[in-house]
Amino acid sequence: MILRADAITKRFGGICALDKVSFEIEEGSIVGLIGPNGAGKTTLFNCINGTLPIDDGRIYFCGEEITNKRSYELARLGMCRSYQIVKPFRSMTVLQNAMVGAFCRVKSRKSAQEIATEALETVGLYEKRDEKASNLNIGESKKLEIAKAFSTKPKLLLLDEVMAGILPSEVKVMSKIVRDINESGVTIILIEHIMEAIMSLSERIIVLNFGEKIAEGAASEVVRNSEVIKAYLGVEEE
Ligand SMILES: Nc1ncnc2c1ncn2[C@@H]1O[C@H](COP(=O)(O)OP(=O)(O)OP(=O)(O)O)[C@@H](O)[C@H]1O
Ligand SMILES: [Mg+2]
């Protein structure tokens, strides 16, 4: 087990964005995290990854308690995330963006460049390495978001809607990138609304609704779960 969340609770004023959410992630797996808009998926990433402090609960990574550790500490320990709203360093080149992550592992420019180059090859952006990040289209920006995180050499990668807004033809390409990264030994938690992609990639799926975990299991089980159908369609099952 690489990650364990034990009753994570996060409130924003009166809203309970996460209500005692617990789960375990097996090392080497791809786990899907789904739920309707506003369910708390990104908030869960923010809490696991140290972007936001939690109000209650505990989080363990590789056997060590990491509750409320900061993102940069977690990057060194081997956890990194991508942002749903892409956050490139806009005036820097694609290669320089990917190098930033690599500097959490190595000191020299040359080594950072090697790691960044490998990350860009993995996501298919090597040809664009000298472009300014601000010139990339949305699909390319999503790939750069993955490369920035991947170049920190993570053990666990949290991907927040890397397929949202991309062309349907690119979904297969992005799925392959996710699978390649996983096969290189990286555990992945994937937030995604594109069901076709999440169903085929995920060994297990966790479903959130209004801050609560309402289901967890194999993709085929989760889609038949009446709580999940109700959360998505807003109707009772016949
Ligand atoms: N920084 C914040 N301050 C106040 N409320 C927040 C904050 N971040 C999230 N929320 C609220 O917490 C709830 C969960 O939001 P979150 O962004 O985690 O949902 P999500 O499942 O990622 O949704 P989506 O699929 O639309 O990305 C929502 O009600 C949202 O308005
Ligand atoms: Mg979100």
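Author: V94, N97, A98, V100 and G101 of helix α3 meet L144, A147, K148 and A149 of α5 in this predicted model. By class, that contact is made up of 6 nonpolar, 2 polar and 1 charged residues. Helix α5 covers residues 138-150, and its axis comes within 6 Å of the α3 axis, the two crossing at roughly 35 degrees.

Now follow α3 to its other partner. Helix α3 (residues 94-102) also packs with α4 (residues 109-123), here at an angle of about 115 degrees and with the axes 8 Å apart. Angles from 65 to 115 degrees count as roughly perpendicular, and α3 and α4 are therefore described that way. Their crossing is right-handed. On the α3 side, V94, L95, A98, M99 and A102 make the contact, while α4 brings A112, Q113, I115, A116, A119 and L120. Sorted by class, these residues are 10 nonpolar and 1 polar, with no charged ones.

It is worth looking at V94 and A98 in particular. Both belong to the α3 residues that meet α5, and both are also listed in the contact with α4.

Technical notes:
Residues numbered from 1 in each chain as written. Chains lettered and ligands numbered in written order. Predicted model: local features only at pLDDT ≥ 70, side-chain atom pairs only at ≥ 80, totals over all residues. Axes fitted to C-alpha atoms, helices over the stretch in contact; angles between N-to-C directions. Helix = DSSP H or I, 4+ residues; strand = E, 2+ residues; numbered from the N terminus. Parallel < 35°, antiparallel > 145°, perpendicular 65-115°, else oblique. Left-handed = near helix turned anticlockwise from the far one by under 90°. Contact = placed C-beta atoms within 7 Å. Nonpolar A, V, L, I, M, F, W, Y, C, P; charged D, E, K, R; others polar.
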